[in-house]
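Colleague: Could you walk me through this one? I'd like the conventions as we go.

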Amino acid sequence: MGTQHNGTIKIISEPFDPWAELSSYETSHLTAGQIGATATFVGTMRDFNEGDDVSAMELEHYPGMTDAQLQLIADEAQTQWSLDNALIVHRVGRILPGEPIVLVACWSAHRAAAFDACRHLMEALKSRAPFWKKETLKDQSHRWVEKNTDGYSASQ
Amino acid sequence: MSIKVKCFASMREYLDLSERDIAGDGINSVADVWQQIAGDKPMPDNTLCAVNQSQADAAYAVTDGDEVAFFPPVTGG
């Protein structure tokens, strides 16, 4: 993430525990006493979408470009906000309902930067990082998710 | 001119093409690359294109050895 920025991008194909991930990341990457605010977002798979029961999902990415886009997004956030560190973990492959898909965490001296950067990272990831979801429905048919919901306009 | 082409998600299924190297004269832009691989199939309106793993539009000029990718709107997170 450049020399002046501290951060980590992980794209993983196995299930992960975001809370264990956070705990071990804090131990290995952060200095106790420096941090005043930690903001985290965890996205998990639902078992419903567009009015249908969803039994599984295949998450595809563009190896190389996805990593580069996430690095770019994280770098932009660290330029805009004063962050001590940022972490993005994103699953790919077959995912089941209840499993975490994405973890975004930002550490800062103060809450405003941590909250704002965390939300910005998540929204930027959803609109710019090349990942695609294909759902398996209860009847075993498949369909591509065509677009993400707009997080900001939906909540304002 | 040699170009590596990659297609992802529903675009891979639409064109039945995951990855292919194309070569030939007359390939100057991303749109020319599309025509080489898709023939008569129109490019869907919401198609996203990338050259060397950075987003680009259909008019973007390609050069020998470039990697060109086509994919639908992203749905991660």
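Modeller: Helices (H or I, at least four residues) and strands (E, at least two) are taken as DSSP runs numbered from the N terminus, and the expected span of a helix is 1.5 Å times one less than its number of residues. This is a predicted model, in which local features need pLDDT of at least 70 and side-chain atom pairs count only at pLDDT 80 or more, while totals for chains, interfaces and linings use all residues. Residues are numbered from 1 along each chain as its sequence is written, chains are lettered from A in the order in which they are written, and side-chain values use heavy atoms, with hydrogens and water left out.

Colleague: OK, how many residues does H3 of chain A have, and how far does it reach?

Modeller: Helix H3 of chain A, residues 111-128, has 18 residues and reaches 25 Å from its first C-alpha to its last, close to the 26 Å expected.

Colleague: And which residues of H3(A) are buried?

Modeller: With buried meaning under 20% relative accessible area, exposed over 50% and partly exposed in between (1.4 Å probe, protein chains only), the buried residues of H3(A) are A:Ala113, A:Ala114, A:Ala117, A:Cys118, A:Leu121, A:Met122, A:Ala124 and A:Leu125. Seen down the helix axis, these fall within an arc of 165° (taken from the directions from the axis to the C-beta atoms), so they line one face of H3(A).

Colleague: What's on the face turned away from that buried side?

Modeller: That face of H3(A) carries the exposed residues A:Arg111, A:Phe115 and A:Ser127.

Colleague: Switching topic, how much area do chain B and chain A bury between them?

Modeller: About 1700 Å², 55% of it on carbon and sulfur atoms, where buried area is the accessible area (1.4 Å probe) that two parts lose on being put together, summed over both. Counting heavy atoms within 4.5 Å as contact, 19 residues from chain B and 26 residues from chain A take part.

Colleague: How many salt bridges cross it?

Modeller: The rule, a side-chain nitrogen of Lys or Arg within 4 Å of a carboxyl oxygen of Asp or Glu, finds two across the interface. A:Glu60 forms a salt bridge with B:Arg12, with the closest N and O atoms 2.5 Å apart. H1(B) gives the most to the side of chain B that touches chain A, with four residues.

Colleague: Last one: is A:Glu99 buried or exposed?

Modeller: A:Glu99, in the loop between strand S6 (93-95) and S7 of chain A, counts as buried at 18% relative accessibility. Its C-alpha atom is separated by 8.7 Å from that of A:Asp17, 82 residues apart along the chain.
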